[in-house]
Every structure is written in C-alpha cells, then in structure tokens.
Amino acid sequence: MFYRLMKMIVGPVLRLFFRPWVEGEEHIPDRGPAILASNHLSFSDSFFLPVVVPRRITFLAKSDYFTGRGVKGRLTAAFFKGVGQLPVDRTGGRASEAALNAGLKVLREEHLFGIYPEGTRSPDGRLYRGKTGIARLALESHAPVIPVAMIDTEKIQPPGKIVPKVMRVGIKVGEPLDFSRYEGMEDDRFILRAITDEIMYALMELSGQEYVDVYAADAKKRIDEARKQAAKAADKTADAVDPDAAPTPNDESGGPGRPAA
C-alpha cells in the first residue's frame, strides 16, 4: 500500500524534474520472478528504476537505514520500507546468507528483485567487480537475470551531496540472461565467478563504463587512504611555512634586516 502511495507521490516529481528516459523496458516481464542486476552510481538509483517499471521492485538496502534513532531515524526507516527495500547487514558471513535468503523469498513469491552486484556505490563512476551472491541467487531461484544500466545518476547526486542537481537521467534494460545450463552447480566457486563476470560484462556493454577488476569497497578504501595521505602531506607543508618569520631585507616595513628610515 505504502509502496504504491510513494510511487504516486515521488514518481511524478522525479518524472517532472529529471525526465528519466528508458530503453529496453520490454525485457522486464509482466509477471513472474526476475532479478534486476544494476550498476550502482548514486543513492538515487533505487528510486529512478521503480519509477519507470510498473511492477513492484524489492531492493536490499544497508541495515543502517532501518536502525536510526529519533524522529529522523524512524522516518527514514519507514520510507525505505515503504519503497520496498529490505535491510541487509554488509559484514559478510551469516549476514550474506541472510541477504540471499531474503532475495530468494522475494523471487519465490514471483516478484522482481533488484540487486547491485558491485555491493556498494562506485566511488568514481567506473564499473567494479561483481560479488558472486547474485550468481547463487540466480541458480537457486531459477530466475532470469536482467541487466540494468543507470545512466548519469552519479552526476545529479555524487556521494556526499544531499541536494541533487536537476538534469536528465537514463535507464537501459538489457536482454534477460539465462543460466539454467549451470543448474546444480551453485557450490562451484568457479561457476559462480563465471556467471557473475558474464553479468558484469553485460552491464559494461549497456552502461559504457570502464570496467575495473577489483571490488568497489576495496577501491573506496584505497581512495580514502590516498585522501588522508594527501591531507597529511598538505598539513606538513603548511607547518613548514612559519607565519611569524622575520621580514626579509627587502621588506619595506623597516623591520630587522633593514635600517629604519
């Protein structure tokens, strides 16, 4: 109920200001389960895709959005639940298994399930290595995987920016990928990697992004570390300049090193 209400309220606003265009929407089935595998450029990705897809899409969202305190925290949790998102712990292990089970439940109920194989937003607009959870999900659910490329969403709302820039964004939907040939091989890590890489290749072709064969989370850590090192270097440079240094002999103030007039 709240999902439909949010689409009725948020949908027209997004269409009015951002005029999202879409290609290949005919690849999304009118009924039955399907996995929508999308690149992840912006916080807003999970809002634009449901706007252009008539059917309900359930996404996984980090659990932090559902555990906030105070009025703001409760409103945020209610909003994410209302737009069809399920909380997931990103710490791995049993948490990853819980996320997989949540996705399987959605698909077994014949719904659409949205997932970002990169696991987190791209730190620089490039496409990063996919995590193999999506491959297990596809094999265990027997659902087709539909690649979806978000276009230019990182330009309207880069990480850390609250107020989005008003500009047009796009969505490209690719042909469904069928992995039934690998049925029964969900415990083979080489098969899982091969399936995941095939999905990421389809996303690369759709989005036109440069592909980087490392995990986005690892790339973020390196970028953050480089920023910290750059900040430390800047601080050291600033400390090396003494703001109280004596005037030079060419100083016209008549200070030390130059006779007073």
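Start with phenylalanine 18: its relative accessibility is 7%, so it counts as buried, because buried means under 20% relative accessible area. Keep in mind that this is a predicted model.

Phenylalanine 18 sits in helix 1, while phenylalanine 48 sits in helix 2 (residues 45-52), so the pair ties together parts 30 residues apart in sequence. Phenylalanine 48 has a relative accessible area of 1%, so it is buried too.

Another pair joins phenylalanine 59 and tyrosine 116. This one is stacked, with 5.7 Å from centre to centre and 15° between the planes. Phenylalanine 59 belongs to strand 3 (residues 57-62). Tyrosine 116 lies in the loop between strand 5 (112-115) and strand 6 (127-128). The pair therefore ties together parts that are 57 residues apart in sequence. Phenylalanine 59 is buried, at 1% relative accessible area. Tyrosine 116 is buried as well, at 12%.

Now step back to phenylalanine 17. Is phenylalanine 17 buried or partly exposed? Its relative accessibility is 45%, so it counts as partly exposed, because that class lies between the 20% limit for buried and the 50% limit for exposed. Phenylalanine 17 lies in helix 1 (residues 2-18). Together with Val13, Leu16 and Val166, it makes a nonpolar surface patch of about 400 Å². An α-helix has 3.6 residues a turn, so residues three or four places apart point the same way. Val13 and Phe17 both contribute to the patch.

Next, look at strand 2 (residues 34-38), which holds leucine 36. With a relative accessible area of 1%, leucine 36 is buried. Which residues does leucine 36 touch, leaving aside those up to four places away in sequence? Its contacts are Ile28, Leu49, Ile57, Leu112, Phe113, Gly114, Ile115, Ile146 and Val148. Leucine 36 can also be compared with proline 176: the two are 140 residues apart in sequence, but 9.2 Å apart in space, C-alpha to C-alpha.

Finish at helix 5 (residues 133-141). Its buried residues include Ile134, Leu137 and Ser141. Ala135, Ala138 and Leu139 are buried there too. After helix 5 comes histidine 142. The phi of histidine 142 is positive, near 65°.

Key: Residues numbered from 1 in each chain as written. Predicted model: local features only at pLDDT ≥ 70, side-chain atom pairs only at ≥ 80, totals over all residues. Heavy atoms only, no water. Patch = residues over 30% accessible without salt bridge, like charges linked within 9 Å, V, L, I, M, F, W, Y side chains within 5 Å. Areas by Shrake-Rupley, 256 points an atom, 1.4 Å probe, with all protein chains shown as cover. Salt bridge = Lys/Arg side-chain N within 4 Å of Asp/Glu carboxyl O. Helix = DSSP H or I, 4+ residues; strand = E, 2+ residues; numbered from the N terminus. Buried < 20%, exposed > 50% of the residue type's maximum accessible area, 1.4 Å probe, protein only. Phe/Tyr/Trp six-rings, centres within 6.5 Å; stacked < 30°, edge-to-face > 60°. Contact = heavy atoms within 4.5 Å.
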